[in-house]
Every structure is written in C-alpha cells, then in structure tokens.
Amino acid sequence: MGKQIPDTIRDTHAGFTDAQAGLARDIRKQESGGCLKNAHRTFQQGIQCVQVNSMNALASIQDAVLVIHAPLGCAACAGQRAVERYNVYKHHRGGNLKGGVVLSTALGEKEIILGGEKRLEETVREAVTRHQPKMVFILASCASAIIGDDIDAVAERMQAEYPDVIFAPIHCEGFKSRNHATGYDLALSALQNYVIRDARPAKIPGLINLFATHSLSFADQEEMRRMLGAIGLKVNILPYSATYEDILRIPAAEYNISVCQIFGDQYMQFLNREYGTPYAITGMPIGSDSTDRWLRAIAALVGKEAETEAFIARERAAVRDEIESIRKKTEGLRVCITAGTGRGLAAATLMGEYGMQLLCIHTPYYEKSYVEDFTRLEKYHGDEFLINVADMQPCEQINLIKKYKPDVFIGMANWASRLGIPCTHILDHKRPTFGYRGVLYLGRKIEDALDNNNFNRKLQRYTKPPFRESWYQEDAFKYMEFPEVERQ
C-alpha cells in the first residue's frame, strides 16, 4: 500500500532554527524582517535523536511491540526512558495495561558488515511468538540506514507470514532531521499509513482527539479529560497508552486538538484535508493564562464558548487565593528556564503570573509556529530577556546561568544545582502540571525549592562545576558563527 502521508522533516519549516541567540526584541525583529538565519556551531556537544521521539510516541501503545533495528545502545538509551515512563502510567492506571515492550536486534560487527535483515526477521518472529501483538513497529536507526537494510521489504515479508498482525516500518534514523520532533510526525504517520489505512468510520458526536507529547503525566491526561468533559466533550488521548481501537477512532472524531504548537500539527492538517475534521493549534495549558487560551481555542472550535467561560471563571476563583499567597514569596525573583520549546514558553508565562522576571530561556527550536508565543512573553517580562536556541548544549546553558546568577532555575538541574541555585522543574511524570490545579502544584514546587535549598548549597561547596573555570569567563556563544546577523 502506498503511504497516505509521506515522510517529511521539520528542518524546512518557515523560520526554523536550532542554533541562534539574542535578546527577545532582536530575535523578533530579525524574524519579522525575514532575516533570522540558523547560526553555525563550530563546536557542538550533542543533539536529540529522531528515533528517540518515535520510540517515546509508540512504546506505550497497547498490544504492540517495538523492534529497534539498531545496535543495543539505541534501545538501551531510549527504550529505558520510554518504558520507565510507561511503567509509571501503568501504575497510575491500576496496572491493567499491556504495552511497553521494546526489543532490539542488537546489531553487531557481523551484521554491520554483512547486513542485518536476517537478524531483523528473527527478532520480529520472536516478538510475534512471545507477545502475540496486534501491531509491530519496526524502527530504523543510523546504523541500519547506513548499511542499507530494507526494513520495508522485511515488513512486507513478515506481513505475508503473519497476516493477522500489522507491521509498520518507520524510517526514524537519528540523522534524518535536526529537529527531533520529526520523530513524532513519523510515528503518527505510521499509525495512519499502516493501522488506520483507508478506514472511514462514522463520526462520533462530541469526540475530540487530543494529540499529546510523551512528557504528559497520567495526572495531566486526567486533568485535561476533566476540563474538556466539563464543557461536554469526550476525549480520545493519543498516542500514549492508546489501544488499537483508540487508534481506529482517530478519523471518527469530530475535532482535533494538540497540547503543543507543533505536536501533531501536520497530522491534523492531513485529517482536515482527508476527513474534513476541523482542528485548533495552541500552546500548552501550563499556567492560568495559557490554560485560558487553550480552552478558548477549543471552545471556538466546537462552539462551546458560554460553557467554557463559566468553567474558566469557576476554576480561576478556586485557585486565586493560593496563587496570591505564593506570589508574595516569588514576586520579583529572577529566573532562567530550560525546557522543550512549547513547555518552556508556557512555563515562562506561568513565571510572569507569579511576578517573576525572566532572564533567559534555553529552547531547542525557534520557528514560525512559536513566534506569537515568544512575542506574548514580552507582556510579562519586557523584551530584554535572552533567547538561547540550543538543542542539548549544556556548556552554553551553565555559562549563562553562572553569569546571570538567577534566584531560581527551572529545568533539569544536573548542572545548575552545583551552583547553589534553588532549582525545580516542570516536567513531572507523576503529578499534574496542566490546568488550574497545575498552577498551584508548580507554585508549591517553586516554594519548596526556595525553602529547602541546603542540598544545592552543599553541592556548591563540595563539588566543582563541570567545565574549567576559564570557560565561564568566555562568551557563552564563542563557538557560534552568526553569518549576516548582527547580534546586540
């Protein structure tokens, strides 16, 4: 069967850059003038992998097995993260899930030289025999792509051998794209191309597909179900912990929505063209203001404006007093944020609600889809905060944090903790960070970080920062070249 959705990469999206730096006002002016260009790093520590996000998207699907056609390290790294997160979901849902199975072909020297298709067929047969899945996703890797193994041909041979099982090859080799969100696109495309195919089920009144990133906790999923249920919608959350039947319901939904500016956007456009399903694209519902915008975008989509405004008023009133109480402690604090772009933008909005001042935000990407949200941050923080577009460049991050000396750091605190700075993060796989209840949870986390910073102070006293002291005297962007871009 020909693919309904061909493979694409996000690197060619309007305004895309994964290497840039400057004050918010300068980045905005360059983008609006059409002259924002990707800088060039002469030294780069690493980059996130396309395959990781394909694996994250698919690993929790029920009655499915992922076969990673790669050396063992690929599955050991990404599979551990995906399965760990899946096990948390499983615990919170009472243990009644059947997914999270990741197998590796463990390519070695012999396969790299002579080819690994035989090894892949053996692994797929073992997956089917051992787990009796409804779906087998075969994921390519850098190694298997370089040696030219034909995973499509293997999938076709396995389909003929096991006609009751769906086999879906996914070309998610790490070097396919510099934007790791491409891995999500490839995973969603595989669900359409190989599972849904050309099915055209009848529409289910009031059903809305919610395409959600792998970083959502089960508590966040339940909170979104609660919020959307309050305005009369039934929610089909995808692809995490989805069943085969949930996937087949995708074209039956009346509406589509996402929890991030870019997650699922290309797939929702396809569903709109092919099935006539209307959709809305908005940012993450982290913080009261961002949740308001998220709900109102959905309300405009489904015609539930009155119900939504009543719900927003009730929810706002329920948390107002505690937000004001927390704000007394956070007002005026200076903050640096490191997070995925959609989550980081929403977090920066939340910091503004708590009266905090954004000094710098480290974000993997900057592209057209995010411009409005970056501009909106200027309402809270002015236009002089620094935007560091960097996909996994901790040397730049810690250099800036050491110079800025923020009162609070928001993000994964591996390095910032050693500077004695109060740290917390907004990526929680166990508790709610979304919606109005999430506003309180994240506010309490910031309070806890401020009140209980002894551990970080001891780290500062007894450990060393990860780089030589001379690095912290250098320009954080020493290894970036900005052709035809004048940085202020």
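The model is predicted: local features need pLDDT of at least 70, side-chain atom pairs count only at pLDDT 80 or more, and totals for chains, interfaces and linings use all residues. Residues are numbered from 1 along each chain as its sequence is written, and side-chain values use heavy atoms, with hydrogens and water left out.

**Aromatic pairs**

A pair of aromatic rings is described by the distance of the centres and the angle of the planes. Rings of Phe, Tyr and Trp (its six-membered ring) pair if their centres lie within 6.5 Å; planes under 30 degrees apart are stacked, over 60 edge-to-face, and the rest tilted. By this rule there are nine aromatic pairs. Among them is the tilted pair of Phe 16 and Tyr 365, with 5.7 Å between the centres and 35° between the planes. These two residues are 349 residues apart: Phe 16 lies in the segment before β1 (19–23), and Tyr 365 in the loop between β12 (357–363) and α15 (368–381). Helices (H or I, at least four residues) and strands (E, at least two) are DSSP runs, numbered from the N terminus.

Residues count as buried under 20% relative accessible area, as exposed over 50%, and as partly exposed in between (1.4 Å probe, protein chains only). Phe 16 is buried because its relative accessibility is 12%. Tyr 365, at 3%, is buried as well.

The ring centres of Phe 211 and Tyr 267 are 5.6 Å apart with the planes at 70°, and therefore the pair is edge-to-face. Phe 211 belongs to strand β7 (residues 207–211) and Tyr 267 to helix α11 (residues 265–275), 56 residues apart. Both Phe 211 and Tyr 267 are buried.

**Charges over rings**

A charge sits over a ring if NZ of Lys or CZ of Arg is within 6 Å of the ring centre and within 35 degrees of the ring normal.

| Charged residue | Ring | Distance from ring centre |
|---|---|---|
| Arg 200 | Tyr 275 | 4.7 Å |
| Lys 402 | Tyr 472 | 5.2 Å |

**A buried valine**

Val 67 is part of strand β3 (residues 64–68). Its relative accessibility is 0%, so Val 67 counts as buried. Contact means heavy atoms within 4.5 Å. Leaving aside residues up to four places away in sequence, Val 67 touches residues including Leu 103, Phe 137 and Val 124. Val 67 and Val 124 are 57 residues apart in sequence, and their C-alpha atoms are 6.9 Å apart in space.

**A partly exposed isoleucine**

Ile 112 lies in helix α4 (residues 109–114). Ile 112 is partly exposed, at 36% relative accessible area.
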